[in-house]
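Please look at the sequence and the structure before reading on.

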Amino acid sequence: MKGQVVTIVGPTASGKTALAVRLAKRLGSCVISGDAFQVYRGMDIGTAKVTEEEAAGVKHWLVDCLDARESYSAGRFAELAGEIIRKENAAGRVPILAGGTGLYVQGLLEGYTFLPKGAGKKSRWHSVYEARGTEALREELLRRGRKEEEIPADPQRRIRLLEVLDAGSDASPGKSADLVYGGPVVGLAMDRAWLYERINQRVDAMMAAGLADEVARLLAAGVPEDAQSMSAIGYRELLPALRGECTMAEAAEAVKRDTRHFAKRQLTWYRRMPYIRWFTRTRGENEEMWYHTIEQYVMSYIEGEPNGR
């Protein structure tokens, strides 16, 4: 029998955290973060990490697990998340996976065979990157059929994606895979103009909450500028401002721009996952009713009712 997990995907600022907490409380379970950067300690504001108030007593896994100088990967995520799902299922609970990183979530659900990272051993794509730079990785991904908006900005994630493609474990675009896990996969969507407004407002709130100070603290604690963690949106854009190369206002605008572009890439990636059931929220729609509709769908799916499939 397949393991059971409820998955929530959608672009940044679409409301995944609130829905995940709500569903976890309804099911008496927990939330697993499918984000590539919330795993790092000290990176709270820029990753929109769930606050104690937002968590409302719900346990969140794969948050604050690693030092910001460590590396993280889709393969490591799949290993850790899979173990959590197994333990929760064994205890009679269905966990909620709240995802923001497409490769991580798709790899887990579809059972990608990620290449192990041997001690000190680098793939040929590391050599390509070192010799020809990140543009060479982009060109190879385009050659392999990836669209521009699907290509991650971080060179390490470009390398990892090429390694996955080399292993022949990528799912064909537009074709549903035989999912490793059972359970509904919910997608949250909204009008793009409204989503971009929410993104801009979120970045303003992050800056007001002290994002620049957070980045400065990480650097002061010894996290190098070229660390994987510092490639996160909201961190890499502030580095030039902290070096005095641009104003903080200019850096904030860069964060907004890059977050909007990231949201577009997320939606493009999720379109490659045809098993997602999308719920589109319209401006002015009652938030409680929207969440209630999704909650009823999830419960019907888990309970095996026809309208939940």
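How close do the axes of helix H5 and helix H7 come, and at what angle do they cross?

## Basis of the report

The model is predicted: local features need pLDDT of at least 70, side-chain atom pairs count only at pLDDT 80 or more, and totals for chains, interfaces and linings use all residues. Residues are numbered from 1 along each chain as its sequence is written, and side-chain values use heavy atoms, with hydrogens and water left out.

## Helices H5 and H7

The axes of H5 (residues 124–132) and H7 (residues 155–166) come within 9 Å, and they cross at roughly 140 degrees. Helices (H or I, at least four residues) and strands (E, at least two) are DSSP runs, numbered from the N terminus. Axes are lines fitted to C-alpha atoms, for helices over the stretch in contact, with angles from 0 to 180 degrees between N-to-C directions. H5 and H7 are therefore oblique to each other; angles under 35 degrees count as roughly parallel, over 145 as roughly antiparallel, 65 to 115 as roughly perpendicular and the rest as oblique.

From H5, Arg124, Trp125, His126 and Tyr129 meet Pro155, Gln156, Ile159, Leu162, Glu163 and Asp166 of H7 (contact means heavy atoms within 4.5 Å). By class, this contact of H5 with H7 has five nonpolar, two polar and three charged residues. Here Ala, Val, Leu, Ile, Met, Phe, Trp, Tyr, Cys and Pro count as nonpolar, Asp, Glu, Lys and Arg as charged, and the others, Gly among them, as polar.

## Helices H1 and H12

H1 packs with H12 (residues 287–302) at an angle of about 50 degrees, the axes being 11 Å apart. That makes H1 oblique to H12. Residues of H1 in this contact include Leu19, Leu23 and Leu27, and those of H12 include Tyr291, Ile294 and Met299. The contact of H1 with H12 divides into nine nonpolar, two polar and four charged residues.

In H1, Lys16, Leu19, Ala20, Val21, Leu23 and Ala24 are buried (buried means under 20% relative accessible area, exposed over 50%, partly exposed in between, with a 1.4 Å probe and protein chains only). After H1 comes Gly28, with a positive phi near 65 degrees.

## Helix H8

The 17 residues of H8 (residues 192–208) should span 24 Å at 1.5 Å a residue, and the end C-alpha atoms are 24 Å apart, which agrees. The expected span is 1.5 Å times one less than the number of residues. Trp194, Leu195, Ile199, Val203, Met206 and Met207 are buried in H8. The buried residues of H8 pack against strand E7 (185–190), H9, helix H11 (248–270) and strand E8 (277–281).

Thr7 is placed in strand E2 (residues 6–9) and counts as buried at 1% relative accessibility. Leaving aside neighbours within four places in sequence, Thr7 is in contact with Leu97, Val105, Leu109, Pro184, Val185 and Val186.

Met230 lies in the loop between helix H9 (211–220) and helix H10 (239–242). Met230 also counts as buried, at 1% relative accessibility.

Ala13, in the loop between E2 and H1, has a positive phi near 75 degrees. Ala13 is buried, with a relative accessible area of 6%.

Asp64, which is not a glycine, has a positive phi of about 60 degrees. Asp64 is in the loop between strand E4 (60–61) and helix H3 (74–90), and at 37% relative accessibility Asp64 counts as partly exposed.
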